[in-house]
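Trainee: Could you take me through a protein model feature by feature, giving the general idea before the particular case?

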Amino acid sequence: MSILVRIPTPLRSLTGGADEVFASGSTVAEIVDDLETKHPGLRERLLDAKGVRRFINLYVGEEDIRFLDGLRTAVKDGDQISIVPAVAGGA
Amino acid sequence: MPTTYSDLMVDVRKRTTQLPLEELKQRLDQGDKFHLLDVREKDEVRAGCIPGAISIPRGFLEIQVEQRLPDKNAPIVVYCAGGIRSALAAATLADLGYTCVETANPGFVRWKELGFPIETPPNLTQAQRERYSRHLLLPEVGEAGQAMLLKSRVLLLGAGGLGSPASLYLAAAGVGTLGIVDADTVDTSNLQRQILHTTSRVGMPKVVSAAKTLKDLNPDVHVIEYPERLTSKNADRLFGDYDVVVDGTDNFPTRYLVNDASVFLGKPVVHGSIFRFDGQVTTFVPEKAAAKMGIAAGPCYRCLYPEPPPPHLAPSCQEAGVLGILCGIVGTLQATEAIKLLLKKGNSLVGRLITYDSLNMKFRELRLRRDPSCPACGVHPTLTGYIDYEGFCAAG
């Protein structure tokens with residue numbers, strides 16, 4: 001299953017500058033594994049030992065996976081995943 | 001066809017239903033649902049009107065009524081000073097297809113004599129009516145809304161990239177008091193995006209420069225300068241007097257401080273943040289603030305991001321760069337949210353995060369939910385005081 005993943009600006013150094021990449025898997029965890037294979041280093045930026053890092057949110061469509069099934073959230077063809085990190089700039 | 005004024009009035013009286021003032025008062029007291037339409041001139045309305053009335057001077061009735069009262073079957077009671085203009089207006093409404101119109105008999109003069117409740121709409125000066133005329137034409141703002149704005153107090157955190165466009169539009173809109181918190185001085189490298197400031201003011205404290213610009217734009221606005229950095233020590237004092245906080249700060253420690261103060265003190269925060277070509281905007285209305293504002297509470301910043309990133313994973317603000325114009329887009333979205341909160345109009349961004357990608361010109365919307373395990377506003381909050389996080393890019 002091919003899922004579109006939106007890569008935020010701070011992580012694009014790991015995707016060769018691409019703002020959207022495709023990954024396969026039937027759950028968010030599998031997608032992250034596939035992303036790591038294709039773009040080594042990405043998983044560490046998204047996850048820590050406890051799961052998704054607390055300053056990053058992963059969305060399937062419009063919904064935060066913390067309010068779905070977390071990393072076990074199922075994804076299907078046509079779903080889009082957004083990685084949304086905390087951003088602090090304002091000046 | 002009537003040929004004289006007397007004939008006309010006889011005809012109009014026949015075609016319209018009269019409503020005694022006592023009965024009108026009873027309906028208002030009972031909370032009956034109907035539109036109360038005041039067709040007197042604006043200066044008469046300004047001297048006092050029946051509470052809840054919509055004002056359309058009779059001369060504008062045909063032009064404006066279908067826009068203001070689109071449901072032609074909704075019950076309408078029209079009044080004027082003595083009952084003549086309202087009867088004529090009621091006949092006009094019937095001609096326009098309104099099916100349920102009554103005219104109050106006699107009218108406002110008698111209503112006042114009877115000691116029935118009246119309200120005096122806010123009195124804007126002639127200069128203010130001219131300045132805000134495009135707001136006054138909007139039914140969602142009008143004189144009452146403009147007066148609310150003039151009485152409102154907004155605290156802007158940062159007179160930089162986001163604070164510049166936000167404060168300019170809030171000042172232009174006539175928000176009566178703008179507090180500006182910023183400890184920095186104007187630097188040449190700010191001018192690519194911080195449109196409050198000018199080349200001739202390089203080296204000047206940003207709050208001083210901001211106050212100059214804003215007062216020159218709109219002398220109605222009282223600008224309060226806070227040449228200091230928001231800290232755990234001054235958060236309570238700075239937030240205390242304000243209705244809405246616009247967060248345009250530039251670092252994670254302050255963002256979390258803003259959030260925790262907003263939760264503790266019950267202040268709505270309009271959040272904007274920027275990074276290179278990307279922006280995020282949302283509105284946080286924590287429970288205490290929602291209770292005061294009479295709206296539903298939403299998530300807080302910690303529901304979204306429970307903890308700040310460690311410094312080595314947080315991109316440094318100065319190194320990252322930012323498209324100057326991005327600040328304009330995000331800051332004006334923040335100003336829009338602030339104005340809507342102050343006017344209590346429209347749908348705010350509570351529970352929604354707008355992400356803006358200027359390179360691809362895409363706005364996206366993500367749902368934000370309250371996290372029951374949130375350390376600040378969850379079911380069992382663990383946060384009891386302010387936390388001073390250290391070690392981020394502190395300089396803007």
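The dialogue below goes from the whole chain to single residues.

Mentor: Please keep in mind throughout that this is a predicted model.

Trainee: How many helices and strands does the secondary structure of chain B come to?

Mentor: Chain B comes to 17 helices and 13 strands, and its C-alpha trace spans about 85 × 50 × 45 Å along the principal axes. Of its 396 residues, 52% count as buried, while the chain exposes about 17700 Å², of which carbon and sulfur atoms supply 54%.

Trainee: What share of the contacts in chain B with a separation of 6 or more comes from residues 24 or more positions apart?

Mentor: Residues 24 or more positions apart account for 68% of those contacts in chain B.

Trainee: Which residues make the nonpolar surface patch of about 370 Å²?

Mentor: That patch is made by Phe277(B), Leu323(B), Ile325(B) and Leu359(B). Of these, Ile325(B) lies in helix 17 (residues 324-343) of chain B, and since exposed means over 50% relative accessible area, Ile325(B) is exposed because its value is 62%.

Trainee: How many disulfides does the structure hold over all chains?

Mentor: A disulfide is a covalent bond between the sulfur atoms of two cysteines. The structure holds zero disulfides over all chains. Cys100(B), for instance, is in no disulfide, with the nearest cysteine sulfur, that of Cys80(B), 19 Å away; at 32% relative accessibility, Cys100(B) counts as partly exposed.

Trainee: And for Cys303(B), which cysteine has the nearest sulfur?

Mentor: The nearest cysteine sulfur to Cys303(B) is that of Cys377(B), at 3.4 Å. The cut-off for a disulfide is a pair of cysteine sulfur atoms within 2.5 Å, so Cys303(B) is in no disulfide. Cys303(B) also counts as buried, because its relative accessibility is 1%.

Technical notes: Residues are numbered from 1 along each chain as its sequence is written. Chains are lettered from A and ligands numbered from 1 in the order in which they are written. This is a predicted model: local features need pLDDT of at least 70, side-chain atom pairs count only at pLDDT 80 or more; totals for chains, interfaces and linings use all residues. Side-chain values use heavy atoms; hydrogens and water are left out. Patches are made of residues with over 30% relative accessible area and no salt bridge: like charges are joined within 9 Å, nonpolar side chains (Val, Leu, Ile, Met, Phe, Trp, Tyr) within 5 Å. Accessible areas come from the Shrake-Rupley method with a 1.4 Å probe; for residues, only the protein chains shown count as cover. A salt bridge is a side-chain nitrogen of Lys or Arg within 4 Å of a carboxyl oxygen of Asp or Glu. Helices (H or I, at least four residues) and strands (E, at least two) are DSSP runs, numbered from the N terminus. Buried means under 20% relative accessible area, exposed over 50%, partly exposed in between (1.4 Å probe, protein chains only). Contact means heavy atoms within 4.5 Å.
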